Amino acid sequence: MRVLLTGGAGYIGSHTAAALAERGHEIVILDNFANAERDVPARLERLTGKKIPIIEADIRDVPAVVAALREHPVDAVIHFAALKAVGESEADPLLYYDMNIIGTIRLLQAMQEANVTRIVFSSSATVYGQPDSSPILEDFPTRVENIYGRTKLVMEDLIRDLARTKKLKAAANLRYFNPVGAHPSGQIGETPRGVPNNLMPYVSQVATGERPHLRVFGNDYDTPDGTGVRDYIHVVDLAEAHALALEHIVTNDVSITVNLGTGEGTSVLQLVTAFETATGRTIPIVIAPRRPGDVSSYYANPALAEQTFGWRAKLNVEDMCRDSWRWQASRAGINDI
Ligand SMILES: NC(=O)c1ccc[n+]([C@@H]2O[C@H](COP(=O)([O-])OP(=O)(O)OC[C@H]3O[C@@H](n4cnc5c(N)ncnc54)[C@H](O)[C@@H]3O)[C@@H](O)[C@H]2O)c1
């Protein structure tokens with residue numbers, strides 16, 4: 001297949017590009033580089049041994065997206081391009097409505113104009129809000145707790161509506177849990193700008209000495225060690241899930257909504273210990289008060305993905321820590337791995 005990846009130079013998009021290339025698919029990347037390093041395409045070409053067409057454009061620019069789709073006729077689009085910081089979304093809701101919701105509408109318009117009728121979409125477990133229990137199943141109620149989550153739900157609904165009304169032949173809404181890790185080659189990984197919002201990049205930066213310690217928000221939750229439990233998923237597993245979901249929906253012309261997680265809960269302290277074991281580095285921690293809105297425990301039931309397209313996560317927390325560290329250490333010029 002030939003596939004266009006919006007946001008394909010970003011963290012999850014670049015790993016998915018690598019996974020698709022490995023499975024013999026052709027990739028076209030469309031990205032405005034708002035949150036991607038300029039050297040990602042060259043790194044991807046080194047990694048895959050393939051020339052990858054890169055279109056620098058904004059998904060809201062319909063003529064540019066239509067031109068890209070006409071120049072590179074594709075079987076499907078995988079739609080990663082979005083803004084993703086919860087705090088920023090609360091500070092600037094209109095920016096998030098514009099980039100995420102209007103951006104998705106413009107992309108869907110361009111696809112319709114270019115007669116591309118299959119899409120895989122990056123949704124998030126954030127659509128469940130604060131669930132009543134875990135493991136979380138796809139039919140749990142969705143809840144909006146912040147603007148970012150609102151945009152993800154609206155984007156899912158837009159895509160579901162177009163599938164229901166047969167404007168799209170096939171669509172996959174993939175609800176990611178907590179993507180972490182990096183490609184084992186050390187060529188691609190996550191490069192957050194400024195202070196990382198997520199735990200693993202923060203821990204990695206404490207390990208390199210860029211940050212003095214990790215603040216752990218709350219150690220009095222109802223979990224085995226009192227710290228918050230999440231479902232971390234290796235980005236390489238997540239990337240493979242995109243390839244399998246894409247092949248499934250394109251082959252069968254069906255639409256699906258599935259969780260992508262490991263089904264295993266890992267606490268903050270367990271993750272820190274796994275990181276220390278995998279890397280031999282010590283992570284100083286400071287216990288801080290709980291953050292408003294944080295849930296104690298949150299993990300997926302990933303059975304539907306396995307039943308539907310035969311995917312399950314293979315990599316464990318030690319793999320996630322080791323690969324995150326390899327990437328972060330090489331960025332920081334540390335050669336102890
Ligand atoms: N990383 C996570 O923890 C996580 C969790 C759940 C869902 N998601 C979703 O997965 C998707 C990818 O996330 P990521 O972590 O790879 O983020 P990322 O920021 O690394 O990648 C997004 C890419 O999209 C590009 N982009 C942004 N706005 C664009 C626009 N208007 N036009 C063209 N390109 C644009 C950016 O330059 C970047 O390369 C996002 O939709 C995000 O909401 C991420």
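At what angle do helix H1 and helix H2 pack, and how far apart are their axes? H1 (residues 11-22) and H2 (residues 40-48) pack at about 25°, with axes 10 Å apart.

This is a predicted model, in which local features need pLDDT of at least 70, side-chain atom pairs count only at pLDDT 80 or more, and totals for chains, interfaces and linings use all residues. Residues are numbered from 1 along each chain as its sequence is written, and side-chain values use heavy atoms, with hydrogens and water left out.

**Helix packing**

Two packed helices are described by the angle between their axes and the distance between the axes. Axes are lines fitted to C-alpha atoms, for helices over the stretch in contact, with angles from 0 to 180 degrees between N-to-C directions. Helices (H or I, at least four residues) and strands (E, at least two) are DSSP runs, numbered from the N terminus.

| Pair | Angle | Axis distance |
|---|---|---|
| H1 and H2 | about 25° | 10 Å |
| H7 and H9 | roughly 45° | within 11 Å |
| H3 and H5 | roughly 40° | within 9 Å |

H1 and H2 are therefore roughly parallel to each other. Angles under 35 degrees count as roughly parallel, over 145 as roughly antiparallel, 65 to 115 as roughly perpendicular and the rest as oblique. Ser-14, Ala-17, Ala-18 and Ala-21 of H1 meet Val-40, Leu-44, Leu-47 and Thr-48 of H2. Contact here means heavy atoms within 4.5 Å. By class, this contact has 6 nonpolar, 2 polar and no charged residues. Ala, Val, Leu, Ile, Met, Phe, Trp, Tyr, Cys and Pro count as nonpolar, Asp, Glu, Lys and Arg as charged, and the others, Gly among them, as polar.

H7 and helix H9 (residues 268-279) cross at roughly 45°. That makes H7 oblique to H9. The crossing is right-handed. H7 contributes Leu-199, Met-200, Val-203, Ser-204 and Ala-207, and H9 contributes Val-268, Leu-271 and Phe-275. The contact has 7 nonpolar residues, 1 polar and no charged.

Helix H3 (residues 62-71) and helix H5 (residues 93-113) cross at roughly 40°. H3 is therefore oblique to H5. Their crossing is right-handed. On H3, the contact uses Val-62, Val-65, Val-66, Leu-69 and Arg-70; on H5, Arg-106, Leu-107, Gln-109, Ala-110, Met-111 and Glu-113. These residues divide into 7 nonpolar, 1 polar and 3 charged.

**Cavity**

The structure holds 1 cavity of 30 Å³ or more. On a 1 Å grid over the protein atoms alone, a cavity is a set of points where a 1.4 Å probe fits but cannot get out, and lining residues have an atom within 4 Å of a point. The largest cavity holds about 90 Å³ of space. Its lining includes Tyr-11, Glu-190, Met-200, Ser-204 and Trp-327. H7 (199-208) and helix H11 (317-331) are the elements that give two or more residues to this lining. The lining has 6 nonpolar, 4 polar and 1 charged residues.

**Backbone details**

Ser-134 and Pro-135 are joined by a cis peptide bond, with omega about 0°. Pro-135 sits in the loop between strand S5 (118-124) and helix H6 (147-164). Phe-33 is not a glycine, yet has a positive phi of about 60°. Phe-33 lies in the loop between strand S2 (26-31) and H2.

Key:
On a 1 Å grid over the protein atoms alone, a cavity is a set of points where a 1.4 Å probe fits but cannot get out, and a pocket is an open set with protein on both sides within 12 Å along at least five of seven lines; lining residues have an atom within 4 Å of a point. Grid points are joined across faces, edges and corners, and a volume is the space filled by probe spheres set on the points. A crossing is left-handed if the near helix is turned anticlockwise from the far one by less than a right angle, and right-handed if clockwise.
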